Amino acid sequence: SWFMLLQSRFVFCGILLGIATGCRITSLAMLLPFYFLLNGISFHQKQILSFLKISVAAFAVAFICFLPIIKTYGWQFFTHPETLGYPQLAKTIFKSTIGVFGVIGCCAIIFFVMKILFSKQRPAYEHQNNFMLFCISGMLIFVASFILLPQKSAFLIPAIPFFILLMMYSLNQN
């Protein structure tokens, strides 16, 4: 879906995003990072129309994917009848670090943070930079999703590409 967005094939981007949503409903949240990649924080009519094409296609395909579930269970499939409880803090920290990135990945993150913190030259973060908004919003969506229900490390996996891109961008600025 992201590749199709970069190729300006907006309807196909939305179709693929709708299919991804049919596999994991949180994929629909990618509309926000896609919006930032297209528009940043400005509003241009051409980009808004492109974003609407993506959104309509994504919602339509996602609805079609969920139609058998809706027909069988109704709209209650969005609710969780049993609460799984919030795991212990140590387990949540493990799942969100080593459980996702592994030991080598965690070492790379520590290196990245140290390099940014102790660098004499600061990254040139511009508040209107579409790419930065794309990376940060994509990462925060899945981190927030994990914080709300930290049952499995796999819920954070979609944040990894955004984090890697953010690291590369930040390290390139130094």
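Ala, Val, Leu, Ile, Met, Phe, Trp, Tyr, Cys and Pro count as nonpolar, Asp, Glu, Lys and Arg as charged, and the others as polar. The views below show a predicted model.

**View A. Lining of the second largest pocket.** By these classes, the lining residues comprise nine nonpolar, two polar and one charged. The pocket holds about 250 Å³ of space. Its lining is made up of Ser 1, Trp 2, Leu 17, Ala 20, Arg 24, Ser 27, Met 30, Phe 34, Phe 142, Pro 158, Pro 161 and Phe 162. At least two of the lining residues come from helix 2 (10-23), and at least two from helix 8 (160-173).

**View B. Contact of helix 5 with helix 6.** Two packed helices are described by the angle between their axes and the distance between the axes. Here the axes of helix 5 (residues 89-96) and helix 6 (residues 98-118) cross at roughly 60 degrees and come within 6 Å. Helix 5 is therefore oblique to helix 6. On the helix 5 side, Phe 94, Lys 95 and Ser 96 take part, meeting Ile 98, Gly 99, Val 100 and Phe 101 of helix 6. The residues of this contact are four nonpolar, two polar and one charged.

**View C. The aromatic pair Phe 131 and Phe 134.** A pair of aromatic rings is described by the distance of the centres and the angle of the planes. Nine aromatic pairs occur in the structure. For Phe 131 and Phe 134, the ring centres are 6.5 Å apart and the planes stand at 35 degrees, so this pair is tilted. Both residues belong to helix 7 (residues 130-148), where a spacing of three residues separates Phe 131 from Phe 134 by about one helical turn.

Note on methods: Residues numbered from 1 in each chain as written. Predicted model: local features only at pLDDT ≥ 70, side-chain atom pairs only at ≥ 80, totals over all residues. Heavy atoms only, no water. Axes fitted to C-alpha atoms, helices over the stretch in contact; angles between N-to-C directions. Helix = DSSP H or I, 4+ residues; strand = E, 2+ residues; numbered from the N terminus. Parallel < 35°, antiparallel > 145°, perpendicular 65-115°, else oblique. Contact = heavy atoms within 4.5 Å. 1 Å grid on protein atoms, 1.4 Å probe; cavity = no way out; pocket = protein on both sides within 12 Å on 5 of 7 lines; lining within 4 Å. Points joined across faces, edges and corners; volume = space filled by probe spheres on them. Phe/Tyr/Trp six-rings, centres within 6.5 Å; stacked < 30°, edge-to-face > 60°.
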